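Me: I have a structure to go through with you. I want to know what stands behind each label.

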Amino acid sequence: MAGVRNIVVLTGAGISAESGVATFRGPDGLWEGHRVEDVATPEAFARNPALVQRFYDERRAALARVEPNAAHRALARLDADWPGELLIVTQNVDDLHERGGARRLLHMHGELRSAWCLRCNARVRWDGPLRDGPPCPACGVAGRLRPDIVWFGEMPYGMERIEDAMRPADLFISIGTSGAVYPAAGLVQTARWAGARTLELNLEPSAGSYMFDECRMGRAGELVPAWVDELLA
């Protein structure tokens, strides 16, 4: 694409669904059998920490059964080969972008393989369960680690960095997102105000499809590699 130098990519659940990661919405979504209020709010954690820890322990353990797909690998190739500025902002809490090879990456909703200590405020790499109240590797206090996940009512991570990347962006691309969760859903508007071209790649039109300059519908594993090939050609 002529004139494109600085790119911001937003990814959502649709890009990981093709790897077998269940989405939070839909008939087979992760919320099935759980109310959002029971597993994804600070109040839920205060009320029933065992339930919340078990829910995220299961999600964390499931990562061992999935692998990056062609869309993750294509974005990693873009990351490696793109000479301009690039930031991949993901709403996903899995680690498939990293395992696919992406490095210029920001997890705005946190990460399953990270734990946050409420005693010392440290964030530490974590692969095992949290439900038994293990000690924090940083301060040694037991029972104060929680999933390093942005719950409803909490502020997403890295908003200042995202805003800094959006201001000079020439192209904003949204991949596999519902367009229903803010502030991520509002990034297309920010991109338009900044004068960037906007492109949506999605399995079906999102709630914000009408705001994009171009929309391409189909599987991320097919659309994203084709788009990266086009961009790098």
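Reply: Start with a definition: contact means heavy atoms within 4.5 Å. This is a predicted model. By that rule, and leaving aside neighbours within four places in sequence, C136 is in contact with C117, C120, V141 and L145.

Me: Why is C136 called buried?

Reply: Buried means under 20% relative accessible area. C136 has 3% relative accessibility, so C136 counts as buried. Its place is in the loop between strand 5 (123–125) and strand 6 (145–149).

Me: What makes C139 partly exposed?

Reply: Partly exposed runs between the buried limit of 20% and the exposed limit of 50%. C139 has a relative accessible area of 32%, so the label is partly exposed. C139 is also found in the loop between strand 5 and strand 6. Not counting residues up to four places away in sequence, C139 touches C117, R119 and C120.

Me: Which residues does UniProt list under "binding site"?

Reply: The unreviewed UniProt entry places that feature at C117, C120, C136 and C139.

Me: How do you know that they gather at one spot?

Reply: They span 23 residues in sequence. Yet no two of their C-alpha atoms are more than 8.7 Å apart, so they gather at one spot.

Me: Which residue is listed for "active site"?

Reply: UniProt lists H109, again from an unreviewed entry. H109 has its place in the loop between strand 3 (105–107) and strand 4 (110–117).

Me: Is H109 buried or exposed, and why?

Reply: The limit for buried is under 20%. H109 is at 14% relative accessibility, so H109 counts as buried. Leaving aside neighbours within four places in sequence, its contacts are T90, Q91, V93, D148, I149, V150, P156 and V181.

Me: What makes the pair of H109 and Q91 a polar contact?

Reply: A polar contact needs N or O atoms within 3.5 Å, one able to donate a hydrogen and the other to accept it. The side chain of H109 reaches the backbone oxygen of Q91 at 3.3 Å. The pair therefore meets the distance limit.

Me: Why is T198 called buried?

Reply: T198 is at 2% relative accessibility, and buried means under 20%, so T198 counts as buried. T198 is in strand 8. Beyond neighbours within four places in sequence, T198 is in contact with F172, V188, A191, R192, M211, F212, D213 and E214. A polar atom of the T198 side chain lies 2.8 Å from the backbone nitrogen of D213.

Me: Why does N202 count as buried?

Reply: Its relative accessibility is 9%, under the 20% limit, so N202 counts as buried. N202 is found in strand 8 (residues 197–202). Not counting residues up to four places away in sequence, N202 touches G176, T177, R216, M217, G218 and L223. A polar atom of its side chain lies 3.2 Å from the backbone oxygen of E204.

Me: How many cavities of 30 Å³ or more does a search of the whole structure find?

Reply: The search finds 1. The largest cavity has a volume of about 110 Å³. Its lining has 16 residues, and the closest to its centre are S174, T177, G179, A184 and A185.

Me: How is that lining made up by class?

Reply: The lining of the largest cavity has 8 nonpolar, 7 polar and 1 charged residues. Gly counts as polar here.

How values were computed:
Residues numbered from 1 in each chain as written. Predicted model: local features only at pLDDT ≥ 70, side-chain atom pairs only at ≥ 80, totals over all residues. Heavy atoms only, no water. 1 Å grid on protein atoms, 1.4 Å probe; cavity = no way out; pocket = protein on both sides within 12 Å on 5 of 7 lines; lining within 4 Å. Points joined across faces, edges and corners; volume = space filled by probe spheres on them. UniProt positions renumbered as here; feature names shortened; annotations may be inferred. Helix = DSSP H or I, 4+ residues; strand = E, 2+ residues; numbered from the N terminus. Buried < 20%, exposed > 50% of the residue type's maximum accessible area, 1.4 Å probe, protein only.
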